[in-house]
Amino acid sequence: LAKSHVLSREEFSFLLDNIGEEDSYLYEKAREAALANYGNKIYVRGLMEFTNYCKNDCFYCGIRKSNRNANRYRLTKEQILSCCEMGYALGFRTFVLQGGEDGSFTDDRLTDIISSIRTRWSDCAITLSIGERSYESYKQLYDAGANRFLLRHETYDDTHYGKLHPPALSAARRKQCLFDLKKIGYQVGTGFMVGSPYQTFENLADDMLFLKELNPQMVGIGPFIPHHDTPFADQKAGSADLTLFLLGLIRLLLPKVLLPATTALGTIDSDGREKGILAGANVIMPNLSPPQVREKYLLYDSKLCTGDEAAESLRSLKQRIQNIGYEITVSRGDSLNI
Ligand code: SAH
C-alpha cells in the first residue's frame, strides 16, 4: 500500500480483520508519507457551527429534525463575521461554515455572507459543510467566493446507507453531490463514520475504494458516537483504534490528502488528536462558534467544545502538538492532492 497506494477490496477487508498485527509499522509508514508531503506542519481550521436546524432525519445525528429536545439556533450574519474576526486574530486562515440543512439559509442569504467574508478576509479559504444542494446552488456559492466543501459520503454501500438514513436520502444522491462539487471546482472533503451501526469490514473496504475513485482533497473520518435522543441511542460507539488504523491506511492510499484528527476522535479518547497525528493526520478543526451556542450543536453525546477543542485555547493546543514533535501553522493549508 505504501508503494502502490492501492489495495483490493479483499486486501482491505483482510487488514481490517487483522488489526493489531502490524499497527506500529502502518503508523510509521503513514507518518513518513505525511512528513514527505507536508513536513511536520499541522493545519488548523476554524469551525463555525452556524445553524443546528435541519430538515433531515439521519438516524445517528443529534440535530435530526425529529429531535424535539434539541435547542435550535441560527447565527446572524453579524455573529458569523465576528467569529471570523476573532478567528483571524487567533491565526486561522480557513473558516468552515458547518450546519444542518436549514432552508432559511437560502442561496441568496449564503451568497451575501460568503461574499462579505471573501471581501474582508481575502487571504482566507472559505469552506462550506451544509449538506446536499443543487448543482446551481453549489455553483452560486462557489462564485460568491467559497473554495472548499466538506460532505462525507457516510458509507458507500446503498444498503448500509439505507440503515443509517430515512428513505428520502440515498447514497447515490450523496455521491452525485460530491461529483458536482468537484466539477464546479471546489476542493472537496468526504469521509465516513467509523463503527456506525451495521457497518462491516467489507463496507469499510468499499469506502476506501470510493476514496480512491473520488480522489478528494480532504478525508474526514471519526468514530460513530451515540446520541441519547436518536434511534441509535443504544448502539455501540466506534473505536478509537479502528479509527486510527483507518487514518493510517488513508494516508497511504492518498498520500497527499488533508486528513483531520477529528473532534469525535478527541471525544472518545482524550489523546485522540495526538494519536491521530501520529497515525498520519495533519489537520485539526478547533471550534470557533460563539461559546453560548456550542453545547447546542450536539451531534453526539459528550461532544467536545471547550478546553483544547476551543479556538481560544489555540495556545495550549499548540503546546500539545509541539510535545509530539509537530507544529501548528498559520496558513490556508491548501491540499496537495489535486
Ligand atoms: N449537514 C451537514 C453537516 C453534517 S455534521 C452535512 O450533511 O454534511 C458533520 C458530520 O458529523 C456528518 O457528516 C457525520 O458523519 C458526523 N456525525 C453526525 N452524527 C454523528 C454521530 N452520532 N457520531 C459521530 N459522527 C457524527
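Visitor: Why is K77 called partly exposed?
Guide: This is a predicted model, and the label rests on a computed area. K77 has 23% relative accessibility. Buried means under 20% and exposed means over 50%. The value lies in between, so K77 counts as partly exposed.

Visitor: What makes K77 and D112 a salt bridge?
Guide: The cut-off is 4 Å from a Lys or Arg side-chain nitrogen to a carboxyl oxygen of Asp or Glu. The closest N and O atoms of D112 and K77 are 3.3 Å apart. That is within 4 Å, so the pair qualifies. D112 sits in helix α4 (residues 107-120) and K77 in helix α3 (residues 77-90), so the bridge ties together parts 35 residues apart in sequence.

Visitor: Is D112 buried, exposed or partly exposed, and how do you know?
Guide: Its relative accessible area is 36%. With the limits at 20% and 50%, D112 is partly exposed.

Visitor: How do you know that D123 and R93 are paired?
Guide: By the N to O distance again. Their closest N and O atoms are 3.7 Å apart. The limit is 4 Å, so this is a salt bridge. D123 lies in the loop between α4 and β4 (125-129), and R93 in the loop between α3 and β3 (94-99), so parts 30 residues apart are tied together.

Visitor: What makes R148 and D334 a link between distant parts of the chain?
Guide: Their side chains meet in a salt bridge at 2.8 Å, N to O. R148 is in strand β5 (residues 148-150), and D334 is in the segment after β9 (327-329). The two are 186 residues apart. R148 is buried, with a relative accessible area of 6%. D334, at 30%, counts as partly exposed.

Visitor: How many salt bridges does the rule give?
Guide: The count comes to 18. Some residues form a network: E132, E154 and R174 are linked by salt bridges.

Visitor: What about the span of α7?
Guide: Its 14 residues should span 20 Å, and its end C-alpha atoms are 20 Å apart, which agrees. The buried residues of α7 include A171, R174, C177 and L178. Its buried residues pack against α5, β5, α6 (158-164), β6 (187-194) and α8 (201-214). After α7 comes G185, with a positive phi near 120 degrees.

Visitor: How is the packing of α5 and α7 described?
Guide: Helix α5 (residues 135-144) and helix α7 (residues 171-184) pack at an angle of about 35 degrees, with axes 10 Å apart. The crossing is right-handed. On α5, the contact is made by Y135, Y138, K139 and Y142. On α7, the contributors are C177, D180, L181, K183 and I184. These contact residues divide into six nonpolar, no polar and three charged.

Visitor: What makes the phi of H5 and of N215 worth a note?
Guide: Both values are positive, and neither residue is a glycine. H5 has phi near 60 degrees, and N215 about 50 degrees. H5 lies in the segment before α1 (9-17). N215 lies in the loop between α8 and β7 (218-223). H5, at 26%, is partly exposed; N215, at 24%, counts as partly exposed too.

Visitor: Why is S13 called buried?
Guide: S13 has 10% relative accessibility. The limit is 20%, so S13 counts as buried. S13 is found in helix α1. Leaving aside neighbours within four places in sequence, S13 is in contact with F201, E202 and A205.

Notes:
Residues are numbered from 1 along each chain as its sequence is written. This is a predicted model: local features need pLDDT of at least 70, side-chain atom pairs count only at pLDDT 80 or more; totals for chains, interfaces and linings use all residues. Side-chain values use heavy atoms; hydrogens and water are left out. Axes are lines fitted to C-alpha atoms, for helices over the stretch in contact, and angles run from 0 to 180 degrees between N-to-C directions. Helices (H or I, at least four residues) and strands (E, at least two) are DSSP runs, numbered from the N terminus. A crossing is left-handed if the near helix is turned anticlockwise from the far one by less than a right angle, and right-handed if clockwise. Contact means heavy atoms within 4.5 Å. Ala, Val, Leu, Ile, Met, Phe, Trp, Tyr, Cys and Pro count as nonpolar, Asp, Glu, Lys and Arg as charged, and the others, Gly among them, as polar. Buried means under 20% relative accessible area, exposed over 50%, partly exposed in between (1.4 Å probe, protein chains only). The expected span of a helix is 1.5 Å times one less than its number of residues.
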